[in-house]
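Work through the exercises below with the sequence and the 3D view open. Try each task before reading its solution.

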Amino acid sequence: MNTPVTFFQKYLLIGMLVLLMAAGVWVIGQALHEDDPDRAKTETGRMTTPPLKTTPLYQEAGVFQGRDQRSRFVDLRQAGTRRLAEYYDRRAYPGAPPYIPHPVESDMKTDFEACSSCHENGGFVPTFQAFAPVTPHAAYRNCRQCHVPQATETLLVANQWQTTAPPAIGRAALPGGPPPIPHGLHMRENCSACHAGPAAPVEIRTSHPERLSCRQCHVPAETALDFARPGEQP
Amino acid sequence: MVSRRIFIKNMALSSAVVAAQSLLPGVLFPSASFGAAASGLTWHKTPCRFCGVGCGLLVGIDSGRAVAVKGDPASAVNKGLCCVKGYHSVQALYGKDRLRSAQMRKNGRLVDVPLSEALDAVADHFKKTIAAHGKDSVAIYGSGQWTIPDGYVAAKLFKGCLGTNNVEANARLCMASAVTGFLTSFGLDEPMGCYEDIDHADVFILWGNNMAEMHPVLFSRLLERRQHHKRTLIVDLATRTTRTSFAADKSILFEPQTDLAIANCIAYQIIKDGRVNRSFVEKHVAFKKGHTDIGYGLEDGFHFKDEATPTDFAGYAAFLEDYTPEKVASLTGVSAADLRYLAALYGDPNRKVVSFWCMGMNQHTRGTWINNLVYNLHLLVGKISRPGNGPFSLTGQPSACGTVREVGTLTHKLPHGVVMNEAARKKAAEIWQVPVENIDPKPSHHTVSMFRALDSGAIRMMWIQVTNPMVTMPKLKRYRDAAKKEGRFIVVSDVYPTPTTDIADVVLPSAMWIEREGMYGNSERRTQHFQQLVEPPGEAMSDTLQIIEVARRMGFGDKFPQDPKTHIREIWEEYRRFHDGPKHGMAPYEVLLQRPGVIWPFHEGRETKWRYHAETDPAAKGSSFDFYGKPDHRAWIWARPYEPAPEVPDREYPFWLCTGRVLEHWHSGSMTRRIPVLHRAVPEAYAELHPDDATRLGVRSGERIRLVTRRGSLEMTVAVDQRGRPARGHVFVPFFDEALLINEVTLDAYCPISKQPDYKKCAVKVERV
Amino acid sequence: MPVKSYLAFSHEGRYPHMIARLEQCDGVSVYPAENRNVAVVVTSSDDESSEQRVKSALEAIVDIHCLTLVFGYADPAPFAV
């Protein structure tokens, strides 16, 4: 059946498909959230209009510092607007330490206290009008050993550096299954630092931050090979 | 940056795949469509290219390019952590202006020529120069970034084949005082302990060493030790307030050069407090004194030879009477209470003490002395050669120990022993298969003297590899003018254009780091091997092969018969023969391949982590300490006085000038300034002033000042309370910036024993522009 | 730097033709599914005008039954290396 389709019909089809997809995503979301009585309380409103505070730099608003675990989960459900593209923009390659994109108060110290006041627990930083990303390795104390601010945008000499693409996301083995971890875990053992809370890039934010045992379901992909008995090919 | 386009395309693709899967359950796409998850990324071990800490890295290789770095968790050095330079080190391979082709100067301009033509010209010029001016008119100047095979073939060609001792390396500017310090105190070079000392020590005394910036990964280990071991103390003894001072438990500032008096004062107080470990001193220590008022090497043809005169404990104690805390306090600016506190830390039998130092003590006109004086403290209290107790001299370059100190690419050295020693010459001649008469028994020029000889015309041709002396020599203008004189021929092997390639007659493009196979040796006697992981650009060739190619063209092919595929292994196995035995045995090639570094002495399959004690060192005799480096099997305590610096601030030049590094840049910056994140972090050099001095001069951060010394002047931007805070009356300037060459104004005074220049002290005038 | 991705469905029996024509377009990457007649199309162009050219090239392929936009991106990079 080779009847030509007009552009109007084409767009109609597109529209239908998009609707269908949206419906599918909604259904999946419903299914995932079925066992979640707190879902209705999710304060997505705070994502777009974060509470303004007049506290100075490094005095962070402390959304994660609830006394009981319950409030922690609610806070972890806050949604920010940070994108994965921005996340990778700050790194020379996937896994590289990001540079510091904001001015720093002192260049003279190793700066553990100053950095950790925002980046240990995260939360909204009024000075920068942004949610602070959380470090996945809070035990290291000499932050400025690896993270440096940028004093200029220009280069002395261009660099022909190329890197590989970041790990692909959402590759569950079965539809609806838990995706394996596509990156190394060294210095990134704390999953919720990057995958939960308002500073998590939206593309990789988990839908279920309350489940703290991430690696119960998500396991690292250590090899691309299938199992084979000794002496046999996979 | 991760290529934004690649990333977004990847995102676009995976979103579309997810959409397709929700519309058509079970749809499959070929896995090759999915970016890195299905790419051929493989990880390979290598030591870091930069400093002497020698972190183990895992470099990610994909499609023939280095694309990522992570710390090697299996490495005992860094345990998986790197610093910002290490994480971005692979980007140094891809600067746009990498040298891909050889260049020769024709009509005053460097023009591209085929590599073989340039190598022919180099060999030809060596032959002509030797024929016209004798064998000592040619020289090679390398560095602590030479791999072990590079340095080995250089020493073999120049000392063994050409018969000249004109072999030096920039480690002379960096480690020479540490070497002479070890040799005079212990008779053998390099630390007795290893980094594992950090995991056992209670007190860390940092002598003029900003570890938080210069050895950041080790400093993190110190901080980690303090986290887990609450009685840990870090004391920063310095002339400038730095990140290290802020992180330390106690920061003590002293006047430049007075560290000599501080060390003697601590010794005085240890004796006065009765904290001397008498049995250790009686059994294992001898007392010596040397010449005093020994000069500063400022005049051409300067010559000095030290002699050890025996003395005893009583004589040594009498010598120290001049160094009471009260007297020393007024000289040094350190309070008598702080001096007694330091003595109490060293003397406390219940605390394990490690002293760390690097350039502050080595780049010192009394560098050998101050090294001796810190060893004295550890020897007086017997805190040495045991886990958590020991003096630890850090290095600045990845293979200053491995190549310069162990292979011996210094004028007086051979891979084993010194040229003055007949047995050492015989051993070298036998392994190199050259007549023993080839090896000259007289050392020729150390680095400063070598460049002065280039000026006078005694040296006519110099081959410079992996170093940038036209940024790093003190009193730079004199030596740049020397290199540009008529009748001088300079060959430079490097990876980027630098001020040194600017004055070259021939430029050879080098294959760097993981573009070739090699080994580095770090501060803790750890030898680390790396494979070639990527192809070098254009015609770039490793320094080892460049030297072998030139040697073959000069008719020494029979001495360099190595197969290009296996030459590194062949060279390593030949070199190992020099160090056979329990005192310096090196690991076989296969062992180096498997492990993330091996500490020498490697004897009967085991590393020796702590030397000079029978429990840990198979070469030590008896049941406890055995300082077998000296013929009397004792370590030597030296009576060395305080002597002032050659140029001190006066009415005309009222400030001290100190130079150094920053965390982000490594040495002359030719690599790190081509790494985007590092250049953007610290784009240019600056002059640090104390806030009070800045107020007095009426300048603020960002404004311009002129620094004037007796050698010249330089305009720079002021930085007040940014990276560091110099003491009042001091100026600090980092030396990485080739556009702001601070070495134009530094002084070329050096330690008469080690011949290492002092970049930390000269007098300067500061003018508002 | 506009980047877009689409799902492409062909008219019945024209799937191989569609894939062949898509593969000839500049600035277009095609990822055909292994087991269904659907392909992921990713377009990437330097600016709006070249994006228009890619778009018209796609519209000119008569074998396409339906092209569904899934992902769109058009934001100039800050300082790219």
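The exercises that follow concern a predicted model.

**Exercise 1. Confidence**

Task: State what ipTM and pTM the predictor gives the complex, and find where in chain C pLDDT stays under 50.

Solution. 
- Step 1. For the complex, the predictor reports an ipTM of 0.90 and a pTM of 0.82.
- Step 2. The average pLDDT of chain C is 82, and 91% of its residues score at least 70.
- Step 3. The stretch under 50 is residues 77-81 of chain C, where the model has nine contacts beyond four places in sequence.
- Step 4. Coordinates predicted with low pLDDT should not be read in detail.

**Exercise 2. Chain C as a whole**

Task: Describe which elements chain C has and in what order they run.

Solution. 
- Step 1. Count the elements: chain C has four strands and two helices.
- Step 2. Starting at the N terminus, the order in chain C is β-α-β-β-α-β.
- Step 3. Along the principal axes, the C-alpha atoms of chain C fill a box of roughly 45 × 25 × 20 Å.
- Step 4. Of the 81 residues in chain C, 38% are buried.
- Step 5. Take the contacts in chain C between residues at least 6 apart in sequence; 65% of these join residues at least 24 apart.

**Exercise 3. A parallel sheet in chain B**

Task: For the open sheet of five strands in chain B, work out the strand order and name the edge strands.

Solution. 
- Step 1. The order is β11-β9-β8-β14-β15 in chain B, and the pairing is parallel.
- Step 2. β11 (250-253) and β15 (390-393) of chain B each pair on one side only, which makes them the edge strands.
- Step 3. From one strand to the next, the twist averages 15°.
- Step 4. Within the sheet, β8 (residues 203-207) and β9 (residues 233-238) of chain B are joined in the parallel sense by five bridges. B:V203 lies opposite B:L233 of β9(B).

**Exercise 4. An antiparallel sheet and a helix across it**

Task: Find which helix of chain B lies across β19 and β20, and at what angle to β19(B).

Solution. 
- Step 1. Locate the open sheet of three strands, β19-β20-β21 in chain B, with antiparallel pairing. Its edge strands are β19 (518-521) and β21 (598-599) of chain B.
- Step 2. Four bridges link β19(B) to β20 (residues 526-530) of chain B in the antiparallel sense.

**Exercise 5. An annotated residue**

Task: Decide whether B:F735 is buried or exposed, and list its contacts.

Solution. 
- Step 1. An unreviewed UniProt entry places the feature "binding site" at B:F735.
- Step 2. B:F735 sits in the loop between β30 (730-734) and β31 (762-768) of chain B.
- Step 3. B:F735 has 23 C-beta neighbours inside 10 Å, so this residue counts as buried. The cut-off for buried is 20 or more.
- Step 4. Apart from neighbours within four places in sequence, B:F735 contacts B:V471, B:T659, B:I742 and B:N743.

**Exercise 6. Chains A and B in contact**

Task: Work out how many residues chain A and chain B bring to their contact.

Solution. 
- Step 1. Chain A brings 53 residues and chain B brings 63 residues.
- Step 2. On the side of chain A that touches chain B, α1 (7-33) and α4 (84-89) of chain A each supply at least two residues.
- Step 3. By type, the residues on that side of chain A are 30 nonpolar, 16 polar and seven charged.

Definitions and conventions:
Residues are numbered from 1 along each chain as its sequence is written. Chains are lettered from A and ligands numbered from 1 in the order in which they are written. This is a predicted model: local features need pLDDT of at least 70, side-chain atom pairs count only at pLDDT 80 or more; totals for chains, interfaces and linings use all residues. Two strands pair if DSSP finds at least two bridges between them. Two residues are in contact if their C-beta atoms, placed from the backbone, lie within 7 Å. Axes are lines fitted to C-alpha atoms, for helices over the stretch in contact, and angles run from 0 to 180 degrees between N-to-C directions. UniProt positions are given in the numbering used here, feature names are shortened, and annotations may be inferred rather than shown by experiment. A residue is buried if 20 or more other C-beta atoms lie within 10 Å of its own, exposed if 12 or fewer, and partly exposed in between; C-beta atoms are placed from the backbone. pLDDT is the predictor's confidence in each residue, from 0 to 100. Ala, Val, Leu, Ile, Met, Phe, Trp, Tyr, Cys and Pro count as nonpolar, Asp, Glu, Lys and Arg as charged, and the others, Gly among them, as polar.
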